[in-house]
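Thank you all for coming; I would like to take a few minutes to walk through one model with you, side chain by side chain. Please have the sequence and the structure open while I talk.

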Amino acid sequence: MPMFGFYRIAVAVPPLHLADPLSNAAEILALWREASGQESAVVVFPELCLTGYTASDLFFQERLDQAQNEALSRILEESRSLNTVAVVGIALRRADRLYNCAAILQRGKILGIVPKSYLPDKREYYEKRQFNSGQSIRETALSFLGMEIPFGVDLLFVDAEDLLLGVEICEDLWALTPPSNAMAAAGANLIANPSASNELVGKADYRAELVRTQSARLLCAYAYASSGLGESGTDTVFGGDAMIAEYGSLLGRSERFRREGQLVTAEVDLQKLRGLRLAETSYADAPAPDFRRILLAPLPRPKKLRRRIDPHPFVPGNPAERARRCEEISAIQAHALIRRMEQARSERAVIGISGGLDSTLALLATRRAFGIAGWDPKRILAVTMPGFGTSARTRQNAVALCEALGVTLREIPITELATLELAAIGHDPELRDVTYENVQARARTEILMNLANRQKGLVVGTGDLSEIALGWSTYNGDHMSMYALNAGIPKTLIRYLVEYYARVDETLRPILEDILDTPVSPELLPLREGEIVQETEKVVGPYELHDFFLYHFLKYGADPAKILHLATLAFEGRYDAETIRRWLRVFLRRFFTQQFKRSCMPDGPKVGTVSLSPRADWRMPSDAEFSAWLAPLES
């Protein structure tokens with residue numbers, strides 16, 4: 001089964017026996033076999049894990065060197081059947097110099113040895129006392145344990161699919177210019193770091209932030225493994241910190257100060273990282289230095305993903321983080337509108353209010369903007385325009401919200417105007433087709449635009465990112481405004497923003513909660529016994545699915561087959577694979593065929609990393625064919 005670029009990576013903290021390489025070899029083999037049994041492609045062990053980092057001047061002893069090499073030979077002998085790559089810290093003697101190195105092992109062979117570039121020589125560290133920097137070693141090989149082995153800082157390790165592994169060691173990450181920068185520029189998408197980082201108050205948080213931000217800066221995965229409690233406690237304590245990060249997110253971390261060995265695994269999406277790099281011009285602008293590439297034997301791949309696939313990638317799962325995100329978006333919207341109104345010298349904001357989610361958020365954000373700017377909220381003209389399908393519930397909610405916010409409310413029914421327009425074009429009003437619906441949408445927009453002209457106002461658009469993606473708007477109707485305030489916000493996040501306003505203002509809570517409970521509908525078809533008959537998600541599909549598709553399609557150009565696979569995992573128990581496949585086809589068809597609406601969409605603030613504005617984020621021809629994208633979905 002294709003794994004779509006997912007690799008399981010492991011970081012290990014074995015129990016350490018200081019200056020006892022044979023015992024350490026047994027611990028390393030046990031965790032390596034465990035990582036292999038868990039279908040890990042790579043397992044990273046700590047720095048100098050065969051001897052212990054704190055062996056100090058014992059590294060000058062011939063016997064420790066011999067014991068380490070004997071232990072390493074045993075590891076090689078007993079790992080001939082292991083396809084999992086192991087990154088193991090060793091001390092290496094070469095040309096009467098001593099180097100702190102990482103040996104890259106697979107199937108009983110040493111594929112390459114990478115020396116440490118930056119040696120700490122400060123405070124509790126005095127590594128230069130024993131070791132030499134390998135920073136200048138390139139295009140070199142050495143004879144070691146009966147093998148001719150590539151040696152240097154110019155080594156990368158590549159499989160036949162998506163993985164390209166680079167290795168730096170401990171202090172290298174803390175340096176002004178980490179070696180991983182050059183590795184990533186040359187294509188490395190997984191950086192391994194065998195480390196020995198001691199514990200100090202507050203250091204663990206800084207260390208994790210360093211790993212996380214380096215993975216974000218390099219658009220890579222980062223696997224970090226640090227020495228544990230078996231190191232000497234003479235002057236320092238080592239807690240066994242190990243972690244795996246991907247593009248700024250921490251996917252897994254060990255428990256510090258555990259006496260037992262630990263293995264932490266996480267699945268990284270290297271295909272996604274490669275896609276992200278294609279779109280990042282600053283990544284491509286970095287010079288790509290020459291590296292020797294060592295081919296790996298086929299790597300284990302997970303048969304089933306353990307990684308949680310977030311069904312709502314636009315919405316933070318942590319409530320505190322979600323609240324912060326909502327506050328930030330609210331501020332972006334408010335200040336963007338203030339700037340536009342000041343530039344346009346508009347005296348009023350004009351908004352069409354339906355009692356639905358989108359217009360509710362636009363009105364709330366506009367009211368906040370007026371509060372920040374110190375403008376009279378009565379200068380917000382909220383217009384309800386009941387038509388053939390307007391329900392009493394949405395109409396009442398719209399009125400109640402406007403009254404609670406203290407804005408000017410005006411009601412202008414559109415039924416007579418729409419009837420006249422239908423008659424003018426000779427359309428039978430009993431024919432409830434797209435013309436029947438679009439006449440109403442355009443009538444509403446015409447009223448808003450004319451009112452804005454008359455009142456020296458600015459029409460605030462209410463359509464959201466999800467609707468823009470699907471083209472779920474009437475061209476030159478609700479598709480158009482003078483400023484599209486919600487254009488950067490997907491529907492799944494709109495709900496949480498409205499909930500956020502309900503939490504911060506208790507007087508609005510009952511109204512907003514009822515709006516949140518109302519089915520999403522354009523209300524363009526006549527009611528049946530007073531109830532809405534036109535529910536958007538029954539026509540175009542669930543917005544939570546479309547937002548999921550949109551994120552993976554736009555963020556890193558995921559193949560539709562991968563999107564389908566991920567959605568099946570993310571929504572397991574809620575939608576079956578065939579339902580997801582059906583709505584994904586709808587998404588792709590609509591996304592391609594509705595590009596012409598996006599090509600001339602009005603200005604609006606970008607609030608997240610995904611936008612569909614042709615000026616901010618997305619450019620595509622309106623006449624592109626979509627058959628190639630549908631092909632992977634043929635069952």
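**Rings, a buried leucine and the cysteines**

Let me start with a charge and a ring: Arg 301 lies over the face of Tyr 7, at 3.7 Å from the ring centre, where a charge sits over a ring if NZ of Lys or CZ of Arg is within 6 Å of the ring centre and within 35 degrees of the ring normal. Arg 138 is placed over the face of Phe 291, at 5.8 Å from the ring centre.

Before I go on, please keep in mind that this is a predicted model, in which local features need pLDDT of at least 70 and side-chain atom pairs count only at pLDDT 80 or more, while totals for chains, interfaces and linings use all residues. Residues are numbered from 1 along each chain as its sequence is written, and side-chain values use heavy atoms, with hydrogens and water left out.

How many aromatic pairs does the structure hold? There are 22 aromatic pairs, counting rings of Phe, Tyr and Trp (its six-membered ring) whose centres lie within 6.5 Å, with planes under 30 degrees apart called stacked, over 60 edge-to-face and the rest tilted. One of them joins Tyr 500 and Tyr 501, edge-to-face, with 5.6 Å centre to centre and 70° between the planes. Both Tyr 500 and Tyr 501 are buried, that is, under 20% relative accessible area, as against over 50% for exposed and in between for partly exposed (1.4 Å probe, protein chains only). Elsewhere, ring pairs link Phe 549, Phe 553, Phe 587, Phe 591, Phe 592, Trp 618, Phe 626 and Trp 629 into a cluster.

Two of those cluster members, Phe 591 and Trp 618, are also touched by Leu 554, whose contacts (heavy atoms within 4.5 Å) further include Val 610, Ser 611 and Leu 612, leaving aside residues up to four places away in sequence. Leu 554 belongs to helix α17, residues 543-556, helices being DSSP runs of H or I with at least four residues, and strands runs of E with at least two, numbered from the N terminus. Leu 554 counts as buried because its relative accessibility is 15%. Although Leu 554 and Val 610 are 56 residues apart along the chain, their C-alpha atoms are separated by 7.0 Å.

Finally, the cysteines: with a disulfide taken as a pair of cysteine sulfur atoms within 2.5 Å, the count comes to 0.
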